[in-house]
Amino acid sequence: MSAKCLCTKLGIPLAVFVLLPFLSIAQELRRITGAVIDENKEPLVGAIIKIKDTSRGAVTSETGNFQISAKAGETLEITYIGYKPYSVKIGAASNYNIAMKADERALEEVIVIGYGTAKRGDLTGAVATVNMKDLLEAPVGSFDQALAGRVAGVQVSADEGQPGSAMKIVIRGQNSITQSNDPLYVVDGFPMEDFEASGIAPEDIESMTILKDASSTAIYGARGANGVIVIETKKGMISAPRITYSGFIGTQKVLKTMDVMSPYEFVKYQIERNPAQAATSYLTNGKTLESYKDTRGYDWQDRLFRRGATSNHSISVRGGNASTKYAFSTSLYNQDGVMIASAFDRIQGRLSLDQTLSKKVKASLNLSYSNGVVNGPSPSVDASQSTNYLMFSAWGYRPITGSGLNIEDELFDTDVYDPEEEEVTFDNRINPVISTANELVTKRTRLFSPNLNLVYDINKNFTLNVRGGMTIRNMDNETFYNTLTRRGAIKVNNPNGVNGLVSNAEQSSWVNENTLTDRKTFRRIHKLTLLGGFTMQAYNYKRYGYSSKLIPNEGLGMSGLEEGTLNVGYSEQRESALASFLSRAEYDYKSKYLFTASFRADGSSKLAPDNRWSYFPSGAFAWRMSKENFMKSLKFVHDAKFRVSYGVTGN
């Protein structure tokens with residue numbers, strides 16, 4: 001039925017019928033204006049305005065004003081650091097003036113620092129916290145991949161884009177020339193060297209604190225120079241069993257590739273470089289330079305890269321009562337990389353139990369396990385050796401075959417290298433697609449970490465904390481290169497021929513920490529906290545394996561390594577131990593004048609007996625000026641602090 005007939009039947013003018021859809025769209029979204037002020041009616045500059053459950057947002061101007069598009073029934077959300085979030089439902093009005101209220105809880109929030117906790121407003125060192133809600137919105141496999149740009153003074157970068165590869169985290173710049181610049185990780189109170197970020201699911205993290213300056217990290221002594229990342233995982237709660245599921249499914253692709261030569265540009269370059277050789281290779285069978293303007297070439301990046309799929313499924317159960325609290329979680333993560341044959345698969349599990357044994361004794365047990373497998377060659381290995389570098393093979397390999405053959409002959413898809421071209425130009429570059437598809441590179445990492453914590457409240461002031469735990473990490477590596485790979489092709493410059501490697505490494509460490517804390521308050525305005533402790537930690541590493549070359553039967557794969565010639569044998573083991581004494585004093589006067597001093601002594605078996613101990617003092621002072629009477633009259637100041645600190649750290 002036509003619109004005209006329908007309108008006649010319903011008694012609606014045709015013009016009204018035609019305009020109805022446009023009127024509906026026009027009325028759906030309209031301009032909303034307003035202003036955001038504080039309790040003293042001063043404008044708040046930079047307040048974030050957002051329409052709930054949409055991507056529409058705005059920021060207040062220097063006068064506190066804003067404008068945004070919204071429709072009736074939607075919710076307007078306003079957030080500003082140090083103030084309570086505010087929301088209002090859009091009605092018939094088009095202008096909204098919003099007065100924000102200061103959130104004192106933000107400064108009273110208790111955060112975890114080295115060997116203790118502190119209120120955010122009472123911190124004397126450079127300490128930053130990570131917003132875990134924002135962190136979990138990033139669809140990543142490990143938390144370090146989502147840290148980039150979220151914390152001031154923390155640089156996060158990737159050496160390569162291989163699935164499962166760790167990110168490089170640098171806190172306040174490079175601190176060592178010859179040693180690692182990775183920060184020290186403290187998970188649930190346990191310091192962990194050679195930390196595996198992928199061993200903790202982001203969904204299991206309750207809070208993350210980053211200690212940045214020397215006064216904050218000196219309490220960790222010889223391992224604190226590169227900063228400290230303190231992670232607390234989720235624990236049980238007093239409630240009925242609460243089951244939570246989170247997950248995502250997505251795809252990823254390479255957004256930008258390198259510009260490479262077209263067939264015409266490539267042949268022109270060959271002619272300029274070596275006219276005689278180029279004529280033999282590319283100007284035969286009546287071919288001229290102009291012939292290559294219409295020739296289709298290969299961009300090897302298009303064949304080496306693909307659209308990868310990523311999925312993550314995480315489920316947790318939390319609950320408990322006044323005496324027993326529990327939390328269990330498990331997750332399954334899978335990532336097919338953007339490069340063919342690359343993938344990362346991981347399964348994780350974590351169990352937490354908190355038990356009140358008596359009025360004075362509490363115990364907590366944490367168990368975690370992860371098993372991750374990385375498949376595929378590293379795109380950054382041998383970057384200094386260009387002819388053996390995977391990405392160079394994609395950038396430097398010819399876009400056309402030699403001797404004027406048409407690209408439709410698909411010669412590149414069947415041979416690992418062009419024999420005809422090699423005979424003329426002695427070009428030993430390997431087909432990157434065939435090579436990558438035939439390389440066997442597998443790295444499996446299993447991580448198991450149990451720990452136990454006992455807290456004994458001697459009296460209302462004294463608390464004894466005894467921790468014990470260990471970490472076991474197993475790493476299995478397997479590589480195999482047959483004749484269709486860049487490392488195994490039968491060529492003059494490859495003396496190893498078909499070759500492979502198998503190795504197993506095990507890292508284990510145990511730690512024991514014993515601390516005593518004394519908290520006292522005098523006349524309600526003087527607060528003193530004293531901490532003393534002794535810690536021990538031991539580390540063991542061993543690796544065994546071998547590589548084989550000139551393997552006669554490549555069809556057997558890894559099973560044929562024993563038929564080849566022994567290339568290199570691996571057998572090593574090393575041990576080290578660390579003993580430490582630590583102390584800290586914190587003084588608080590009316591939350592206005594704050595003093596902190598700490599001292600740590602570390603003794604390492606890595607050093608000579610007569611030079612085994614090092615000492616790491618620190619001190620910090622903070623003055624919360626906003627607590628002074630003369631500052632209270634400045635209505636535009638919500639909180640202000642003057643801070644100065646000093647500390648000695650090492651590595």
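**Cores and a buried threonine in a predicted model**

The largest nonpolar core has 25 residues, and those with the most contacts inside it are Phe143, Phe195, Met208 and Ile231. Two or more residues of this core come from each of helix H4 (132–136) and strands S11 (154–157), S12 (168–171), S13 (184–187), S15 (205–211) and S16 (228–233), with S15 giving the largest share, three residues. The model is a predicted one, and the points below should be read with that in mind.

**Around the cores**
- Ile231 touches Phe143, Phe195 and Met208, and its other contacts beyond four places in sequence include Tyr185, Val186, Val187 and Ile205.
- Asp188 and Ser207 are also among the residues that Ile231 touches.
- Another core, of 19 residues, lies apart from the largest one and has Ala47, Ile49, Tyr96 and Ile98 among its members.
- In soluble globular proteins, nonpolar side chains tend to be buried together.

**Thr442**
- Thr442 lies in strand S22, which covers residues 440–457.
- Because its relative accessible area is 17%, under the 20% cut-off, Thr442 counts as buried.
- The side chains of Thr442 and Asn375 are joined by a polar contact of 3.0 Å.
- Leaving aside residues up to four places away in sequence, Thr442 touches Val373, Val374 and Asn375, and also Asp476, Asn477 and Glu478.

**The chain as a whole**
- The chain holds 12 helices and 29 strands, and 43% of its 651 residues are buried.
- Of the contacts between residues at least 6 apart in sequence, 64% join residues at least 24 apart.

Notes: Residues numbered from 1 in each chain as written. Predicted model: local features only at pLDDT ≥ 70, side-chain atom pairs only at ≥ 80, totals over all residues. Heavy atoms only, no water. Helix = DSSP H or I, 4+ residues; strand = E, 2+ residues; numbered from the N terminus. Buried < 20%, exposed > 50% of the residue type's maximum accessible area, 1.4 Å probe, protein only. Contact = heavy atoms within 4.5 Å. Polar contact = N/O pair within 3.5 Å; in protein donor to acceptor, adjacent residues only side chain to side chain. Core = buried A, V, L, I, M, F, W, Y, C linked by side-chain atoms within 4.5 Å.
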